[in-house]
Amino acid sequence: MTMSPFAESSRLLAAVFYAPRRALRAVAERHVILPALLVATVATVIQGAVLVPRLDFEGAVVEQLARHSERTEMTPHEMDRALARGRKVGAIGTLASALVTPSLTALLVAFAFWLGVRVIGKKSPFLPLLAVTSVASLPTALRALLSLPAIIVRPVIQTSELPRLFPSNLAYFFNASRPIGTVLDAIVLFTLWSLALVVLGTTAVTGERVQRVAVLGVVLWVSYVAVFHFALPRLGGAPR
């Protein structure tokens, strides 16, 4: 009996959790991209919708103004306007990020691995790698859904608390100051799970040895941490 495309895609996405090598090879061959991105996007949008009413956007605005010494120069009316604007921008930004992050991340990671495998002497078509990185977003989608109970039970959540809401990274278990704390923030179980899936999928697509692709994955992950957890926050003046 022939399975419908939807049923076949669903079967492959489920198989990623219990037979990843076989599932990733099939995903790459059949270019299963949209179903995986749809699942990941729905999960992150649900998380964003639950987060928005609870996030303390006003506190973030006050902290930013204080950091730039602007709060003392503002009238109460100007402060109210700044807080209202911060709430609106924060809510829109949170939901917009939830909507585009899974697809944008899959695209950027696929491009990084596409370039990386060329550097180590292999060539690969782009679409199979994009299928692999799209399916590799499923662990982060699972993390978004598993974090919902921790979000729901809290009436107010500070933006600085987000990395430690759910026990998925080392920062949840260990308190440390920078730079160790920043590194602990970046070591997220579900992110490393996604990276392992990308490595396995890239190995299946290119035929390269898994050890070499794993080294490529570690180099790319360290580069990501250096840019997004250290360099950009420092440029923005935001302490971590």
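Modeller: First, how the elements are set: helices are DSSP runs of H or I with at least four residues, strands are E runs of at least two, and both are numbered from the N terminus. Keep in mind that this is a predicted model.
Colleague: Thanks! How many helices and strands are in the chain?
Modeller: The chain has 11 helices and zero strands, so its elements, read from the N terminus by that definition, run α-α-α-α-α-α-α-α-α-α-α.
Colleague: And what does the C-alpha trace span?
Modeller: About 70 × 40 × 30 Å along the principal axes. Of the 240 residues, 39% count as buried.
Colleague: Switching to rings, how many aromatic pairs are there?
Modeller: The structure holds six. One of them is Phe17 with Trp193: the centres are 5.7 Å apart and the planes at 80°, so this pair is edge-to-face.
Colleague: Where do Phe17 and Trp193 sit?
Modeller: In distant parts of the chain, 176 residues apart: Phe17 is in the loop between α1 (5-15) and α2 (20-30), and Trp193 is in helix α10 (residues 189-206). Phe17 is partly exposed at 41% relative accessibility, and Trp193 is partly exposed at 29%.
Colleague: Which residues do ring pairs link into a cluster?
Modeller: Phe17, Phe166, Phe190 and Trp193.
Colleague: What about Phe111 and Trp114, stacked or edge-to-face?
Modeller: Stacked, because their planes are at 25°, with the centres 5.9 Å apart. Both lie in helix α5 (residues 76-119), three residues apart, which is about one turn of the helix.
Colleague: Last one: how many positive and negative side chains?
Modeller: There are 23 positive and 12 negative, and the centres of the two sets lie 13 Å apart.

Key. Residues numbered from 1 in each chain as written. Heavy atoms only, no water. Phe/Tyr/Trp six-rings, centres within 6.5 Å; stacked < 30°, edge-to-face > 60°. Buried < 20%, exposed > 50% of the residue type's maximum accessible area, 1.4 Å probe, protein only. Lys, Arg positive; Asp, Glu negative; His and termini not counted. Charge placed at Lys NZ, Arg CZ, Asp CG, Glu CD.
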